[in-house]
Every structure is written in C-alpha cells, then in structure tokens.
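Colleague: I would like to learn how to read a strand and its surroundings. Could you take me through one case?

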Amino acid sequence: MRILGVYVSYETLMLALIVVFILSLIAQGKVKRVFKRYNTVPAARGIPAYAAAQEMLLDNGSGVTVQPVQGTLTDHYDPRNGTVGLSTEVYDSTSVAALAIAAHEIGHVLQYQENYAPIRWRTAVLPVANIGATFGPYMILIGLFMNLYPLAVIGLALYGAMFLFQLVTLPVEFNASQRGLELLDRGGYIDYSNRADAQKVLSAAAWTYVLAALGSLLSFLRFFMLVNGNRRRN
C-alpha cells in the first residue's frame with residue numbers, strides 16, 4: 001500500500017504499531033514520573049487543587065461542582081452530571097502538578113461552556129467511536145473469514161470513527177491545557193518560576209494523546225490493508 005507516495009508493507013505497519021505501543025508505555029510512565037516530581041513543588045498561592053478549581057469555576061460563572069474520585073490520575077470532567085472529578089493525589093494537594101491538572105479539567109468545562117467546536121465534534125463522534133472500538137475489529141475479521149466484504153467494510157468504517165475520535169481529541173486536550181495555564185496565571189496560582197513546571201506536567205500528558213492517535217491511525221491502516229487485499233483476491 002502506498003502512503004503519500006511511499007510503499008508501506010503490512011510488516012512495516014506491524015513494526016510501527018509495536019514501536020508506538022512501546023512509546024505509549026514510556027509516555028504513560030513519564031506522566032507518572034513528572035507528576036510525582038512536581039507534586040512535591042508547592043505552588044505560589046498554596047491552596048489545595050480542589051479550592052483552586054472551585055475558584056476558577058466561580059470566576060467563570062460555572063455551576064459545575066468539584067468532587068474527589070478514587071484512583072491515580074483519574075481526573076476528568078463529566079458534562080453529563082456537571083462535575084469535575086479530582087483524583088486522591090490531586091484533590092487536597094497544593095503542588096504545581098495538582099493545580100496544573102485541576103486547571104486542565106476546568107479548561108474542559110470552559111470548552112463546553114463556550115461551545116468550543118472540537119469538543120462538539122468529539123461528542124458527536126463518540127457514540128460511533130465506542131461502537132467501532134468494541135465491534136469494528138470483530139466485524140472486519142468475521143467479514144474476512146466468511147468472505148463477507150460488505151461486513152468487513154462496515155467494520156472498517158466503524159473502526160475509522162475511533163481514529164477520528166482520537167484525532168479530534170488532540171486539539172481538545174491541547175486547548176484545555178492552554179486554557180488551564182491561562183487560568184493559573186490569571187488567578188496568581190503559580191508564579192513565573194512555577195509556570196515551566198506546570199507546562200512540563202501538561203506536556204507529558206499531551207504526548208499520550210498524540211501517541212494514542214498515531215496508534216489508532218496505524219491500526220486503521222493495518223485493517224484497511226487487510227480488507228483491501230481481500231477484495232483484490234476476490
């Protein structure tokens with residue numbers, strides 16, 4: 001198969017997938033190491049992450065609430081019930097790392113509040129992406145095994161929605177981090193010396209999303225090659 005004019009074999013795609021998988025594991029480990037390092041660095045204002053998050057929400061006229069959640073780095077914003085969940089290590093911490101993560105989640109709140117276009121696109125494709133991630137590969141393999149080309153194509157299209165979701169996630173996450181840094185600066189939660197540390201925490205997390213999108217693309221191309229090869233043989 002040719003990609004941008006360059007011939008790429010199935011074996012090359014498989015090797016690339018393995019490399020991306022290894023890099024993803026390294027990136028996930030780096031996120032934990034960076035968080036652990038900067039979770040010992042106190043932020044300028046010295047208030048807990050949950051209190052900073054509540055202030056940011058109030059300053060932006062949001063009725064979203066903040067609550068603790070179990071787990072490590074399980075921080076998230078759930079627009080369905082209007083809550084920001086901060087993990088145990090983040091919730092009460094006054095560190096630069098904790099405030100950076102909390103501010104990132106408030107960045108997501110503001111995206112929904114302002115009807116940010118990429119967050120709308122991600123929400124729209126999410127149901128199909130979930131179906132594609134769960135059933136797409138099985139539909140492709142069953143379609144190939146039973147020589148049901150249309151079924152394989154439908155499975156491929158559904159799986160492609162998962163890649164699209166990962167792709168749209170990139171601007172959503174990068175924008176949330178940028179908004180988070182601006183919130184930290186504006187509220188005086190960090191000073192000049194803290195800003196670079198906060199950026200390192202958010203940048204480490206960003207690489208996991210980049211690699212996830214790349215992995216999804218390579219997986220889609222692998223399945224596409226299988227389906228296309230089966231069609232040619234028939």
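Predicted model: local features only at pLDDT ≥ 70, side-chain atom pairs only at ≥ 80, totals over all residues.

Colleague: In which sense do β4 and β5 pair, and over how many bridges?

Modeller: Strand β4, residues 76-78, pairs with β5 in the antiparallel sense, over three bridges. The two form a hairpin with four residues between them, and Gly82 in the turn has a positive phi of about 65 degrees.

Colleague: Which strand pairs with β5 in the parallel sense?

Modeller: That is β3, residues 65-69, with five bridges to β5. Pro68 stands opposite Leu86 of β5.

Colleague: How do I read the two faces of a strand?

Modeller: In a regular strand, side chains alternate between the two faces of the sheet. In β5, Thr83, Gly85 and Ser87 lie on one side, Val84 and Leu86 on the other, and all are buried. Buried here means under 20% relative accessible area.

Colleague: Why is β5 described as largely enclosed by the rest of the structure?

Modeller: Because five of the five residues of β5, residues 83-87, are buried. For the chain, buried residues make up 48% of 234.

Colleague: And the helices: at what angle do α5 and α6 pack?

Modeller: Helix α5 (residues 117-145) and helix α6 (residues 149-186) pack at about 145 degrees, their axes 6 Å apart. The residues of this contact comprise 28 nonpolar, five polar and two charged. The crossing is left-handed.

Colleague: How many helices and strands does the chain have?

Modeller: Seven helices and five strands, in the order β-β-α-α-β-β-β-α-α-α-α-α along the sequence.

How values were computed. Residues numbered from 1 in each chain as written. Heavy atoms only, no water. Axes fitted to C-alpha atoms, helices over the stretch in contact; angles between N-to-C directions. Left-handed = near helix turned anticlockwise from the far one by under 90°. Nonpolar A, V, L, I, M, F, W, Y, C, P; charged D, E, K, R; others polar. Buried < 20%, exposed > 50% of the residue type's maximum accessible area, 1.4 Å probe, protein only. Pairing = 2+ DSSP bridges.
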